[in-house]
Amino acid sequence: MKRYLTVDDIGDLSQALKEAAEVKKNPYAWDTLGKNKTIVLIFFNSSLRTRLSTQKAAMNLGMNVIVLDVNNDGWKLETEFGVVMDGDKPEHLREAVPVIGRYCDIIAVRSFASFEDRDADYEERILSQFIDHAGVPVISMESATRHPLQAFADLYTIEEHKSKDKPKVVLTWAPHPRALPQAVPNSFVEWMKVADVELVVTHPKGYELAPEFSDGVTVEYDQKKAFEGADFIYAKNWASYNDYGKILSKDKSWTVDEEKMALTNNAKFMHCLPVRRNMIVTDGVIDSENSIVVEEAANRVVSAQVVIKRMLESLNK
Amino acid sequence: MKRYLTVDDIGDLSQALKEAAEVKKNPYAWDTLGKNKTIVLIFFNSSLRTRLSTQKAAMNLGMNVIVLDVNNDGWKLETEFGVVMDGDKPEHLREAVPVIGRYCDIIAVRSFASFEDRDADYEERILSQFIDHAGVPVISMESATRHPLQAFADLYTIEEHKSKDKPKVVLTWAPHPRALPQAVPNSFVEWMKVADVELVVTHPKGYELAPEFSDGVTVEYDQKKAFEGADFIYAKNWASYNDYGKILSKDKSWTVDEEKMALTNNAKFMHCLPVRRNMIVTDGVIDSENSIVVEEAANRVVSAQVVIKRMLESLNK
Amino acid sequence: MKRYLTVDDIGDLSQALKEAAEVKKNPYAWDTLGKNKTIVLIFFNSSLRTRLSTQKAAMNLGMNVIVLDVNNDGWKLETEFGVVMDGDKPEHLREAVPVIGRYCDIIAVRSFASFEDRDADYEERILSQFIDHAGVPVISMESATRHPLQAFADLYTIEEHKSKDKPKVVLTWAPHPRALPQAVPNSFVEWMKVADVELVVTHPKGYELAPEFSDGVTVEYDQKKAFEGADFIYAKNWASYNDYGKILSKDKSWTVDEEKMALTNNAKFMHCLPVRRNMIVTDGVIDSENSIVVEEAANRVVSAQVVIKRMLESLNK
């Protein structure tokens, strides 16, 4: 396993879920696999869950972990080619990436969409540099277009909590005061399309995801209708793809509340966290017994550990 | 041992001092106790000694350590309930705490008094959330009202350096340019009241500590009188409790100097560090042979290791 | 080995290069040498290569590593003596250094020249405090006047890539938008003077290095003449020593380009990184097959590991 970005990179989902269950049951069973192996976690954007869960997963496997908070160090990297570097960026990604690759065995990178240039974001210009030039396996810890460790944890959480085959899973947009990237909904949709679930996406008009993700997905613009009979409600805000990076609505009638949850099949409530209470979801729903957000976050260790474990197994071959 | 905040949490002091001596003598005797166990150190306020000594203590016990500098990440947590989270705080402590608890076996938290709301500070609203909702043992690495790892190190340092039973220990206020929390003097007094020492506290009028700490303590407003016959001088600045968080005096006649030390029984000089030279204490005193501030700081590893060791032993039961 | 700052501290260079080759061939051969030993890496100035490579080297030796980013923590240390500390510096280096020394077995420090006071910089006032008062071995990870881990890595890289005995090595100044310290050229010259190479230094007039480094070195003010027959071109910018800390030139006719490289004996191109493309060196040169900058950076692990290994061996004696 040389990179982890898209759902294709994980291969067969039922096999991945089986490994996830094994890892969760016995997280220290491979605690010498990573001996004398080092993972560098690079954060261009800061993080709580991703930082802790990925570091924990790597330590469970006996790896050495180096965390690099680019964000705090004010380390600005040039990404354009052919420029005279006489400005505020002291280093080019073209040197930085292969050098980091020489100091470790696996690189995990967090680098959000800039919302400045849709093409640059959707080409994954930062992450691609790592994938192409690091010389070691690369993991997206949320990049411009995807958050695959989250999606894998989400799928595993659904697997753990589903009470029937092919549950109805609803991804619902919800309001938020700031413009948020599409990485989480993109990956969620990408994974759910392949998983054995019935996926429905609901959002106000104008919030359609990029075609490469939304193609073939059932979109229901009536949120209440979408909720009917749902087994899982997955709430998330994202900014517009078509009017790129813009907030088109802060309509709180889209907030997930008890009334809407009553329309579901006693659905579990999911969110990737952090969550804005009483914007995305009411206190009543997130504090209810059907809220599985903490378990979902806990499963981030599981997804990260399966991915890192596979990469280590590849390295040891 | 499920939490470490007050002197009661450590139980019998003579037993604790005995364990401290064992840990200091042979710090690596339990270096497999923490195998596959993780401690997260969360710093809402930055730190030198606490960071290094707590991390060192955990590593001595073979633990994995994750350090989270909330301070640098600009990670603002909502702590109020029922609010619409549409402002600058993207996450509620109510989600953050149990999630962090899922990623580790022990949490240590540093979160100073805000000085904005005395009730909020003295109810330990931040730390209480961790204690109540983390689901794992919680250590205060200095919270709003207490600094128990410091107080334990202080007691052990006195034990190491005392030349008679029941030494006279004087806590003296001293001037400082900024308003400082009461956590260190509160814990020091809380511990010394239980310890086998004669405690005298001296400070200008208006600097009385909170009743829950000062009750039953001898206060002597004449600093020189307090120093007479002292075996240990413990200097510290703190802001007013009654006029909460205010600086009432910067009177440098309270600075600990050679003349005052001459009134003592050849007392050792102590301070938790960092110390403002020639404000809190003169160069002459802190550079003298009787200054034991570096040894006192070194003992922070010892106190942290005893506490973490006990928690690990509880977890392994 | 108690300190690592000057070329004298490493002793015989051929022995050091032999150890470097062993470490590079089998980096994990001493992975229990550092068991229960802790190194603290203190960064007064932030870093990519130095941080990653030194941490990696210490982990290869089985050490515990604590990283302290003083830079981010806004931790200002008083360095003057006898002052009343009533300003913005809460702690004196005189306490901080011995305390840190009590928490670890080796200290590595990064602290650049301030360019405010040439005497203070060239007396290495910060690093000297660590060397004199830490009580444990101290490594310069680039201090005011030297960058010895870089110089050792540079020498080893030359050793790996040289195609003849006594190669011609040219250190060339090149333009840069900001004023940079002299630590890298100082150490490079200090090491090359002792190494078995023919050293030529080329720079515009006014950029002469400090006499303690430049004494006995061949300086050629005509860059093209200097390049003739060179086996290694080592490019670097530095600010003036004589007009201390000043930028005297940004003349891009000093940029290393293909035309100048054509004058050499098919020379390898070296730079310590980060490098400003099309200021220091053209894309054409740094992207050519003769560019060995990534390998040079990779060798930073090797030099750090030899130094830390020697210190651990001293400690274990």
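Which strand of chain A does β11(A) pair with in the parallel sense over five bridges? The partner is strand β8, residues 168–173 of chain A. Pairing here requires that DSSP finds at least two bridges between the strands. Strands are DSSP runs of E with at least two residues, helices are runs of H or I with at least four, and both are numbered from the N terminus.

A quick word on what we are looking at. This is a predicted model, where local features need pLDDT of at least 70 and side-chain atom pairs count only at pLDDT 80 or more, while totals for chains, interfaces and linings use all residues. Residues are numbered from 1 along each chain as its sequence is written, chains are lettered from A and ligands numbered from 1 in the order written, and side-chain values use heavy atoms, with hydrogens and water left out.

Back to β11(A), residues 232–236. Five of its five residues are buried, meaning under 20% relative accessible area, with exposed over 50% and partly exposed in between, using a 1.4 Å probe and protein chains only. In a regular strand the side chains alternate between the two faces of the sheet. Here, Phe232(A), Tyr234(A) and Lys236(A) lie on one side, Ile233(A) and Ala235(A) on the other, and both faces are covered. β11(A) also pairs in the parallel sense with β12(A), residues 268–270, over three bridges.

Now to Lys236(A) itself. UniProt, in an unreviewed entry, puts a "binding site" feature at Glu142(A), His176(A), Lys236(A) and Arg276(A); positions follow the numbering used here, feature names are shortened, and annotations may be inferred rather than shown by experiment. Lys236(A) has a relative accessible area of 7%, so Lys236(A) is buried. Leaving aside residues up to four places away in sequence, its contacts include Trp173(A), Leu180(A) and His271(A), where contact means heavy atoms within 4.5 Å.

Arg276(A) sits in the loop between β12 and α12 of chain A. Its relative accessibility is 2%, so Arg276(A) counts as buried too. Among the residues Arg276(A) touches are His176(A) in its own chain and Asp86(B), Asp88(B) and Lys89(B) in chain B.

Finally, the copies. Yet they use different surfaces: 3% of the contact residues of chain C recur in chain B. Thanks, everyone!
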